[in-house]
Amino acid sequence: MSDELPRPPWKMDWTAEALHDFESMPEDGKRLFLAARAELITASDPYYRGIDADVSLPHWLTVRPLASTSPGGPHIADLAGGRGWLIFTFIRRHADPQITVTDAFWA
């Protein structure tokens, strides 16, 4: 085992409910969610913390804490100006870091 910290791409898991919601979406929603997934799993910090940390994100995706009082807790990725979103938590465990999607919505 190495002392080096894990690096992206991160693993991504879905709760059963979030996965069901994703699978029930129309194709245009699924495509956008998969594009957002690609952005999240390849980011060095999927929470995009810091000033202008999310400047590299596409214009249709914003990431922010779900609650401003919990910047290290669940985050929301708004898609297409609020047309859809996914709520996720990033757990940076030393051996097995991963992103867990707990809610997915597309209007």
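The structure is a predicted model, in which local features need pLDDT of at least 70 and side-chain atom pairs count only at pLDDT 80 or more, while totals for chains, interfaces and linings use all residues. Residues are numbered from 1 along each chain as its sequence is written, and side-chain values use heavy atoms, with hydrogens and water left out. A search of the whole structure finds four salt bridges, a salt bridge being a side-chain nitrogen of Lys or Arg within 4 Å of a carboxyl oxygen of Asp or Glu.

**Within helix α2**

- Glu27 and Lys30 form a salt bridge whose closest N and O atoms are 3.7 Å apart, and both residues belong to helix α2 (residues 27-42), where they are three residues apart, about one turn of the helix.
- Helices (H or I, at least four residues) and strands (E, at least two) are DSSP runs, numbered from the N terminus.
- Lys30 counts as buried because its relative accessibility is 18%.

**Between helix α2 and the β3–β4 loop**

- Asp28 pairs with Arg83 in a salt bridge, with 3.6 Å between the closest N and O atoms; this pair links distant parts of the chain, since Asp28 sits in helix α2 and Arg83 in the loop between β3 (75-79) and β4 (84-91), 55 residues apart.
- Asp28, at 32% relative accessibility, counts as partly exposed, and Arg83 is likewise partly exposed because its relative accessible area is 39%.

**Arg49 and Asp45**

- Arg49 forms a salt bridge with Asp45, the closest N and O atoms lying 2.9 Å apart, and Arg49 is partly exposed, as its relative accessible area is 43%.

Conventions: Buried means under 20% relative accessible area, exposed over 50%, partly exposed in between (1.4 Å probe, protein chains only).
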